[in-house]
Amino acid sequence: MILPTALALGAQLMLPVADSVPDLNVEQVCDGIAKQGGVTFRDPAVAREKKSCIDSEMLVRAELAKQWSSFSPPDKVSCVNESRMGGESSYTELLTCLEMARDVRNMRSEAEGKGKAAAPGAPGTPGAAGTPRVGPAPK
């Protein structure tokens, strides 16, 4: 069957991602960011902006390496795959994805730990007093 083979291959692809911070090619995204601010492509500021962007991404990678073991393996796989889509990779995007996934999981755990999720209209939820509601108000 094709399914067991696909699952075995998928499992092999997932394991290396979770072991260490991936090597991303940030040059393409930094080149695009730098060229957005330049007057012309030969503007010397473009090269400085690109170097600044790459330096910043390397600092983010170092921070990511410090926190890597604190992120869940499924989140690592999902976020690494997402950060590689489209060809332009960024450690900033990867770290943000991992932090958001972790924070959402923590919020859900806290809500479950209190016995139930917040009811619609409860303080801090959409539709509560002073909180914007999406869609028409109930009749």
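Predicted model: local features only at pLDDT ≥ 70, side-chain atom pairs only at ≥ 80, totals over all residues.

Student: OK, and how many salt bridges does the structure hold?

Tutor: There are 7 salt bridges.

Student: What does Lys50 do with Glu27?

Tutor: Their side chains form a salt bridge, at 3.1 Å from N to O. Lys50 sits in helix α3 (residues 44-67) and Glu27 in helix α2 (residues 27-37), so this pair ties together parts that are 23 residues apart in sequence.

Student: Which residue does Arg102 meet in a salt bridge?

Tutor: Asp103, with 3.2 Å from N to O between the side chains. Arg102 is partly exposed at 26% relative accessibility, and Asp103 is partly exposed too, at 35%.

Student: Switching topic. What does the overall fold come to in helices and strands?

Tutor: The protein has 5 helices and 0 strands. Starting at the N terminus, the elements run α-α-α-α-α.

Student: How much of the protein counts as buried?

Tutor: Of its 139 residues, 24% count as buried. As for contacts with a separation of 6 or more, 65% of them come from residues 24 or more positions apart.

Student: Let's do the packing. At what angle do α3 and α5 pack?

Tutor: At about 35 degrees, with the axes of α3 and helix α5 (residues 91-113) 8 Å apart. The crossing of α3 and α5 is left-handed.

Student: Which residues make that contact?

Tutor: On the α3 side they are Glu57, Met58, Val60, Arg61, Glu63, Leu64 and Gln67, and α5 brings Tyr91, Thr92, Leu94, Leu95, Leu98, Glu99 and Arg102. By type, the contact of α3 with α5 has 7 nonpolar, 2 polar and 5 charged residues.

Student: Why would residues three or four places apart point the same way?

Tutor: Because an α-helix has 3.6 residues a turn.

Student: And how do α4 and α5 pack?

Tutor: Their angle is about 145 degrees and their axes are 9 Å apart. The crossing of α4 and α5 is right-handed. From α4 you get Asp75, Lys76, Cys79, Val80, Glu82 and Ser83, which meet Glu93, Leu94, Cys97, Leu98, Ala101, Arg102 and Arg105 of α5. The contact of α4 with α5 divides into 6 nonpolar, 1 polar and 6 charged residues.

Student: What's the geometry of α4 itself?

Tutor: Helix α4 (residues 73-84) has 12 residues and spans 17 Å from first C-alpha to last, close to the 16 Å expected at 1.5 Å a residue. Just after α4, Gly86 has a positive phi of about 85 degrees.

Student: Which residues of α4 are buried?

Tutor: Asp75, Lys76, Val77, Cys79, Val80 and Ser83.

Student: So is Ser83 buried or exposed, and by what number?

Tutor: Ser83 has 1% relative accessibility, so it counts as buried.

Student: What does Ser83 touch?

Tutor: Leaving out residues up to four places away in sequence, Ser83 touches Leu24, Glu88, Ser89, Ser90, Glu93 and Leu94. Two of those, Glu93 and Leu94, are also among the α5 residues that meet α4.

Technical notes
Residues numbered from 1 in each chain as written. Heavy atoms only, no water. Salt bridge = Lys/Arg side-chain N within 4 Å of Asp/Glu carboxyl O. Helix = DSSP H or I, 4+ residues; strand = E, 2+ residues; numbered from the N terminus. Buried < 20%, exposed > 50% of the residue type's maximum accessible area, 1.4 Å probe, protein only. Expected span 1.5 Å × (residues − 1). Axes fitted to C-alpha atoms, helices over the stretch in contact; angles between N-to-C directions. Left-handed = near helix turned anticlockwise from the far one by under 90°. Contact = heavy atoms within 4.5 Å. Nonpolar A, V, L, I, M, F, W, Y, C, P; charged D, E, K, R; others polar.
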